[in-house]
Amino acid sequence: MELGLVGLGKMGGNMRERIRRAGHTVFGYDRNPDLADVHSLPELVGKLSGPRVIWVMVPAGEPTQSTIDELAELLEPGDVVVDGGNSRWTDDEKHAEELAAKGIGFVDCGVSGGVWGLENGYALMYGGDAENVAKVRPVFDALKPEGDFGSVHAGKVGAGHFAKMVHNGIEYAMMQAYAEGWELLEKVDSVTDVREVFRSWQEGTVIRSWLLDLAVNALDEDEHLDKLRGYAQDSGEGRWTVEAAIDHAVPLPAITASLFARFASRQEDSPQMKMIAALRNQFGGHAVETK
């Protein structure tokens with residue numbers, strides 16, 4: 001089939017290559033002309049035969065909204081737009097309604113695989129009507145990992161990005177657990193080779209995972225992570241996961257704590273800990289450290 005792909009960054013560029021390897025035709029558009037096959041959205045739409053499928057891989061929020069707004073004026077009834085970025089699921093419902101008014105289909109797709117997806121395939125979680133999903137199916141099949149799993153029609157519009165959001169929330173908690181265990185191992189005198197302890201867990205243990213493999217890779221590159229600053233950004237999906245949990249009264253203590261731990265990483269001198277130290281000094285006479 002033919003596909004228009006908008007956004008050729010770290011994910012989009014590799015996705016274009018994987019889809020082409022499967023024998024499909026991909027026309028890619030990016031604001032960086034060095035990456036692009038075509039140099040405008042009108043040119044992209046003009047390259048495709050109907051019914052067209054346009055896959056959008058741009059940052060969530062305004063970049064996605066403006067792209068979909070422009071496509072809504074260029075596409076025709078029966079065409080389909082796929083949002084493969086990390087949009088909030090509530091935005092999907094809005095986009096689907098706006099496009100449906102013009103007879104254009106919409107599918108939201110959570111994509112996981114990062115920079116490894118070109119060779120390993122991408123895990124795909126998508127939402128939308130069966131008719132629209134069917135038009136995109138050859139691309140889903142090209143992108144997914146080999147085998148029977150790694151791709152799921154999660155439900156109606158919004159389900160794909162909601163599933164990917166929860167996936168990322170779980171990822172936050174798993175990474176936090178590895179990080180906490182690593183710090184504790186590094187702290188004690190009796191453990192003399194933390195990196196090899198992590199490596200030993202890669203086979204036969206209940207905590208083996210791809211994240212563990214990546215942790216070992218990182219420790220091979222920098223055994224004690226001395227080159228890194230202890231700062232971790234959050235993409236927004238961890239926050240959305242916690243907000244959704246509050247809305248649905250679902251307890252997520254591990255995921256919530258892992259999100260807050262990232263916030264703590266951005267404080268070189270924690271205001272909260274100043275108050276804790278002051279209170280301990282007030283009620284128990286415990287020593288405090290001053291600047």
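In this predicted model, the axes of helix α7 (residues 159-187) and helix α11 (residues 253-264) come within 8 Å and cross at roughly 70°, where axes are lines fitted to C-alpha atoms over the stretch in contact and angles run from 0 to 180 degrees between N-to-C directions. The two helices are therefore roughly perpendicular to each other, a term that covers angles of 65 to 115 degrees. Helices are DSSP runs of H or I with at least four residues, and strands are runs of E with at least two, numbered from the N terminus. Contact, meaning heavy atoms within 4.5 Å, joins residues of α7, including Gly169, Tyr172 and Met175, to residues of α11, including Ala254, Ser258 and Arg262.

The largest nonpolar core has 22 residues, of which Trp55, Val82, Cys109, Leu124, Val136, Phe140 and Leu143 touch the most other members. Such a core is a set of buried Ala, Val, Leu, Ile, Met, Phe, Trp, Tyr and Cys residues joined through side-chain atoms within 4.5 Å, buried being under 20% relative accessible area with a 1.4 Å probe and protein chains only. Helix α6 gives the most to this core, with five residues. Beyond its neighbours within four places in sequence, Phe140 is in contact with Trp55, Val107, Cys109, Leu124, Tyr126, Val133 and Ser151.

Residues are numbered from 1 along each chain as its sequence is written. Local features need pLDDT of at least 70 and side-chain atom pairs count only at pLDDT 80 or more, whereas totals for chains, interfaces and linings use all residues, and side-chain values use heavy atoms, with hydrogens and water left out.

Notes:
Buried means under 20% relative accessible area, exposed over 50%, partly exposed in between (1.4 Å probe, protein chains only). Angles under 35 degrees count as roughly parallel, over 145 as roughly antiparallel, 65 to 115 as roughly perpendicular and the rest as oblique.
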